[in-house]
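This briefing covers strand pairing and helix packing. Please read it alongside the sequence and the model.

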Amino acid sequence: MAKLIAQNINKGNLPFQFQLGFDKVIEHYRNYVKIANHPYADIARKILSHVEKNPILIEGFTDLDQLETYKEEINLILNPLFPRLLSSNEIKAAIIPFTFYSFRLSDRFEKIIENAGEGYEFEVRNYEENELYIMACVIILNYCYGYKLDLKRPFFFDIPDKNTGIMMHYRVAINADFMEIIPNENAPKITEDDFKILLDNYENIEIWKEKFPLNSYVFKGFCLMNLFDVTAEESLSSLKDNLLRSDENLVVDLQHNLRKFFNINDLKLGFSIFDAINSRVCDATIVKKESIILNETAEIMCGDYFCEGIVESVFGKHLPFTISDVETYGKNTNQNPFYKNLKKNGIRSIILIPIKATENDDLALLEIGSPRPYELNSVTLQKLNDILHVFKAAVKRSSEEHQNVLEATIQENYTTIHSSVKWRFYQAAEAYQQALSNGVENPKLEEIIFDDVYPLYGQADIRNSSLARNSAIKKDLITQLHMAIGVLSEACEFDTLPIYDELMFRVNRYLASVNKGLDAGDEIGILDFLQRDIYPVFKHIKNLNPTLSAKVDIYMNSLDAKLNVVYEERKHYENSVTILNDKLTFFLDKSQEEAQQMFPHYFERYKTDGVEFNMYIGQSLVHHLDYSNLYLYNLRLWQLTTMCQMENIAHTIKKELPHPLEIASLILIHSDPLSIRFRMDEKQFDVDGAYNVRYEIIKKRIDKANIKGTNQRLTMPGKIAIVYAQDKDAREYRKYINYLQSKNMLGKIEYLDVEDLQGVSGLKALRVEVIYHQSETSRDTMTIDQLLEGFKS
């Protein structure tokens with residue numbers, strides 16, 4: 001006699017004892033005998049004749065060994081409840097309630113247990129021991145005391161099928177018609193007050209055990225348990241839940257759901273997103289490139305890749321398309337690229353389901369493939385009808401999320417609003433939306449202005465960048481002209497045409513001009529001359545003989561493919577600028593993250609030939625924080641320290657650059673607060689007011705200024721120029737310099753007057769020497785805590 005026990009149920013820890021008996025069902029048989037011509041009367045008499053000889057089957061027993069003793073009689077009693085005609089279809093068992101201990105199984109149930117494999121332990125899903133105890137108490141309340149308390153929750157079994165490798169899910173239905181509940185002598189009488197207490201204390205198991213002690217009731221009889229296969233429904237529900245997610249495991253989980261849904265253990269699932277305008281494949285928005293039909297293909301022409309039927313149905317009409325036999329498809333399409341990819345991926349039948357992702361032209365493609373022909377077809381496609389709308393909603397949501405990510409990326413990298421002032425933009429946007437909702441006609445966005453903020457400006461400019469760039473252009477032009485002369489000279493030896501000598505004369509004249517120096521327009525004039533007069537001759541020379549052809553090829557291959565010029569020295573220079581800029585901005589951005597921890601402030605930086613940055617700090621910039629000038633002094637010390645470290649970075653990597661570069665650093669002090677306004681037309685902050693514009697003028701002109709009375713530039717490599725207008729600023733910065741000198745970061749100080757600029761006079765400067773260290777580790781010399789300590793000292 002089969003036994004099925006749910007391992008997570010402790011049958012000894014319940015408010016009742018079990019007494020297995022069949023008096024309830026036997027009562028039915030006695031009634032059948034009393035009814036004339038009842039169809040079950042003869043069977044009932046036969047059963048009753050055996051029962052009368054074994055009254056224990058009516059009285060009941062607790063010793064489960066008796067099940068084997070009375071096996072034949074019990075089977076006879078239960079046969080009408082387990083009809084042979086239904087045994088291969090029904091999943092049914094006779095059980096002791098709450099233990100799921102079975103003593104009769106249908107044939108199909110027996111097979112399910114067999115297919116579960118050895119060692120599998122049956123467990124009821126999502127039920128704790130206390131929950132089962134309380135459920136038993138509720139059943140007693142309803143049965144013995146007449147309450148109608150509803151605590152019905154379905155039982156589920158998750159049973160594997162070793163043949164398919166799929167976990168099957170079954171919902172349990174219990175028929176308790178053949179059992180009764182009898183209070184013991186020690187069972188407390190439940191009053192109305194007890195009932196109310198229980199209603200308010202579901203979580204307090206001790207109260208329930210007080211009212212319903214262990215083994216205080218007898219459950220006499222047996223139950224019938226039916227299992228219903230809900231694997232498809234569970235897979236469908238899980239699939240819908242998963243489609244609401246958007247994480248990296250989504251496709252794997254959806255594939256698992258669909259494998260259960262179609263009962264195909266090795267089913268494959270993929271996604272791709274198509275740009276319908278350009279007919280090319282884009283990165284999927286649900287996951288990154290999870291297609292099973294495209295492999296590593298980044299771009300395709302749909303008309304060349306797919307057959308005409310797929311193009312018309314999927315991309316034209318947005319209708320699903322099935323291929324039940326990939327080999328037949330290959331024969332009909334002359335083994336097109338789509339067929340070859342399917343075969344390479346081991347797919348022998350496939351369903352393609354197009355889903356319009358958004359209102360734009362993007363089209364999502366759901367790809368479901370099987371390694372066997374005819375396993376997926378137009379009939380199995382119909383199973384998806386109930387969930388296609390969920391897929392569409394998920395793809396739309398995912399596409400919108402992807403669009404939000406793109407917009408966030410654009411805002412962060414192209415039109416960024418610094419995090420320190422976002423709160424003010426949110427305020428303005430909220431006010432605008434509120435005005436719209438209140439029916440205000442043509443509401444205007446509030447102006448974003450921050451008053452009484454202190455500016456800080458710094459730059460690390462690549463020294464003599466214009467001269468270096470011109471020098472690189474000059475060297476490339478000289479190389480290109482020498483090569484042109486070489487080709488013409490070689491041609492003269494094979495073909496004595498006077499035009500070759502005339503052209504060499506003109507090239508040499510350009511070469512002499514370049515050696516003297518480049519003027520504006522010289523490069524364009526030379527390249528125009530080569531294009532117009534030299535290259536047509538090269539085409540002629542190329543056809544004279546193989547030697548000259550090779551010479552021309554060498555010349556042409558030396559030119560940049562896009563610019564059509566020699567581009568070696570300029571490439572070295574521009575690569576060096578890029579490397580240096582990237583190093584400096586990376587360090588500056590990382591240092592800024594720490595600086596923001598001191599006190600939030602507005603920060604923006606720009607890459608030019610070097611790096612420049614603006615900072616503003618003040619009470620109006622912060623929300624729910626108290627500003628003090630201490631934070632301004634801290635930020636000034638941080639700026640000076642950071643520029644020392646940037647100088648060290650530039651010095652360290654100088655020898656690693658293809659074209660050696662140096663930077664000259666400058667800090668501009670403006671001790672009076674000013675106002676900044678967000679310019680809607682330019683989408684950036686600018687100083688506000690006529691007086692404050694003077695600060696912007698100084699910023700634009702100061703780096704080219706000389707020391708007063710000399711031709712020497714104020715900024716120079718190896719030193720930081722600190723420009724100021726008031727003596728109190730110099731006194732403040734000398735404190736910072738003295739502190740950094742004690743840290744062996746700065747050296748000697750020079751006190752300088754700055755030449756008068758157009759519209760600006762009276763500026764002065766401190767120029768302080770930077771002490772270089774051997775490696776970039778100097779950047780770690782100072783921490784935020786050390787900065788604070790230094791300022792306090």
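**Strand and helix briefing**

Strand β14 and strand β18 (residues 674-679) run antiparallel and are joined by 3 bridges. The model is predicted, so local features need pLDDT of at least 70 and side-chain atom pairs count only at pLDDT 80 or more, while totals for chains, interfaces and linings use all residues. Residues are numbered from 1 along each chain as its sequence is written, and side-chain values use heavy atoms, with hydrogens and water left out. Helices (H or I, at least four residues) and strands (E, at least two) are DSSP runs, numbered from the N terminus. Two strands pair if DSSP finds at least two bridges between them.

- I449 has R677 as its bridge partner in β18.
- With strand β16 (residues 610-617), β14 forms 8 bridges in the antiparallel sense; there D461 has G610 as its bridge partner.
- Strand β17 (residues 663-669) also runs antiparallel to β14, joined by 7 bridges, and Y457 stands opposite L668 of β17.

**Three-stranded sheet**

- The strands β1-β7-β6, in that order, form an open sheet with mixed pairing.
- β1 (16-19) and β6 (179-183) are the edge strands, each pairing on one side only.
- Neighbouring strands here are turned by 25° against each other on average, direction ignored; axes are lines fitted to C-alpha atoms, for helices over the stretch in contact, and angles run from 0 to 180 degrees between N-to-C directions.
- β6 and strand β7 (residues 217-221) run antiparallel with 5 bridges between them, and I181 has F219 of β7 as its bridge partner.
- Helix α7 (residues 129-145) lies across β1, β6 and β7, at about 85° to β6.

**Five-stranded sheet**

- A further open sheet has 5 strands in the order β3-β2-β8-β5-β4, with antiparallel pairing.
- β3 (101-105) and β4 (155-161) stand at the edges with a single partner strand each, so one side of each is left without a neighbour in the sheet.
- From one strand to the next the twist averages 35°.
- Strand β2 (residues 91-96) pairs with β3 in the antiparallel sense over 4 bridges, with Y101 of β3 as the bridge partner of I96.
- Helix α6 (residues 107-115) packs on this sheet, touching β2, β3, β4, β5 (166-175) and β8 (223-229), and its direction makes about 85° with that of β2. Contact means heavy atoms within 4.5 Å.

**Helix pair α10 and α11**

- The axes of helix α10 (residues 231-243) and helix α11 (residues 250-262) come within 8 Å and cross at roughly 160°.
- α10 passes α11 in a left-handed crossing, a term used if the near helix is turned anticlockwise from the far one by less than a right angle, and right-handed if clockwise.
- Residues in the contact include L236, L239 and L243 of α10 and L250, L254 and L258 of α11.
- By class, this contact has 8 nonpolar, 5 polar and 2 charged residues; Ala, Val, Leu, Ile, Met, Phe, Trp, Tyr, Cys and Pro count as nonpolar, Asp, Glu, Lys and Arg as charged, and the others, Gly among them, as polar.
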